[in-house]
Amino acid sequence: MLLPLCPSQLMVTYNLSSLSTTKNQPSQQTNYTSKQELPEDKFVMGESLDIIAKIDTDERFGPTNQILPASGRKDIKAWQKSVQTLLRTLQRPRYVATGLLPEFQQLDGRHAFIKNHQLPPYEKPEWKGDGSPENPGMDMDLKLKLYAEAMATDPTPLVEDLNARLVELDDMLYSEHYCSEGGFSLDDIDLWARLRSITIVSGVQWPTKLRSYMDNLSALGDVPLYDEMAL
């Protein structure tokens with residue numbers, strides 16, 4: 001099953017072009033892949049940013065060169081890496097627990113995500129697989145148990161840590177409209193998509209500038225945040 005275009009990473013294309021994307025409906029099969037499809041050309045691409053680059057340089061989809069290139073900022077990349085474990089612990093169990101996200105409304109969809117997305121402290125080689133000698137990894141029952149335990153654990157210490165880390169990021173943000181000096185860029189496509197996932201976590205306290213940034217880009221791309229379904 002091909003996954004639909006990622007709305008959070010493609011938000012700007014909805015606003016800047018006339019592209020009409022068709023989302024694949026979930027099915028009962030479990031052989032999901034990470035491939036994404038650009039319906040107009042029947043291209044299958046592995047990365048959302050590749051799709052964005054094509055849309056932004058192809059006149060068929062509207063005005064071109066509307067998105068500035070990535071700046072290569074090392075401070076934001078370092079911040080993202082520093083919170084990776086924290087965010088995986090908080091976000092991943094909540095994705096599947098809400099039952100409100102379309103891709104997780106079916107049991108097969110939830111199990112496919114759990115099967116392929118490890119929780120800390122485990123790394124992907126330890127997590128993926130069926131437990132056989134040929135394909136080492138945890139069995140599905142243990143993965144389900146770990147996700148349930150993570151969801152049942154009091155998140156307060158982790159949320160407090162996250163709140164402090166968001167203050168750090170707020171200081172790195174250039175403005176409430178784009179994160180890097182010069183204008184809207186691929187930096188924003190990447191950062192906003194990652195930060196959007198945080199809105200599924202209840203109790204997060206957003207610094208003023210960073211919250212305005214989230215709201216402004218949500219409105220720009222007409223892509224809602226997850227606040228209303230936060231757990």
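**Chat about a predicted fold**

Colleague: Where is Met229 found?

Modeller: Met229 is found in the segment after α10 (208-221). Helices here are DSSP runs of H or I with at least four residues, strands are runs of E with at least two, and both are numbered from the N terminus. This is a predicted model, where local features need pLDDT of at least 70, side-chain atom pairs count only at pLDDT 80 or more, and totals for chains, interfaces and linings use all residues. Residues are numbered from 1 along each chain as its sequence is written, and side-chain values use heavy atoms, with hydrogens and water left out.

Colleague: What does Met229 touch, not counting residues up to four places away in sequence?

Modeller: Thr98, Leu100, Leu101 and Ile200. Contact means heavy atoms within 4.5 Å.

Colleague: And how many residues apart in sequence are Met229 and Gly99?

Modeller: They are 130 residues apart, yet 9.4 Å apart in space, C-alpha to C-alpha.

Colleague: Switching topic. How do the elements run from the N terminus on?

Modeller: The order is α-β-β-α-α-α-α-α-α-α-α-α. That is ten helices and two strands.

Colleague: At what angle do α4 and α7 pack?

Modeller: Helix α4 (residues 84-98) and helix α7 (residues 140-152) pack at about 100°, and their axes are 9 Å apart. That makes α4 roughly perpendicular to α7, a label for angles of 65 to 115 degrees. Axes are lines fitted to C-alpha atoms, for helices over the stretch in contact, and angles run from 0 to 180 degrees between N-to-C directions.

Colleague: Which residues meet there?

Modeller: From α4, Arg92, Pro93, Arg94, Val96 and Ala97; from α7, Tyr147, Ala150 and Met151. By class, this contact of α4 with α7 has six nonpolar, no polar and two charged residues. Ala, Val, Leu, Ile, Met, Phe, Trp, Tyr, Cys and Pro count as nonpolar, Asp, Glu, Lys and Arg as charged, and the others, Gly among them, as polar.

Colleague: Now the core. Which residues of the largest nonpolar core touch the most other members?

Modeller: Leu195 and Tyr213, out of 43 residues. Such a core is a set of buried Ala, Val, Leu, Ile, Met, Phe, Trp, Tyr and Cys residues joined through side-chain atoms within 4.5 Å. Buried means under 20% relative accessible area, with a 1.4 Å probe and protein chains only.

Colleague: Which helix gives the most to this core?

Modeller: α4, with five residues.

Colleague: What is Tyr213 in contact with?

Modeller: Leaving aside neighbours within four places in sequence, the contacts of Tyr213 include Leu173, His177, Trp192 and Leu195.

Colleague: What share of the protein counts as buried?

Modeller: 41% of its 231 residues.

Notes:
Parallel < 35°, antiparallel > 145°, perpendicular 65-115°, else oblique. Buried < 20%, exposed > 50% of the residue type's maximum accessible area, 1.4 Å probe, protein only.
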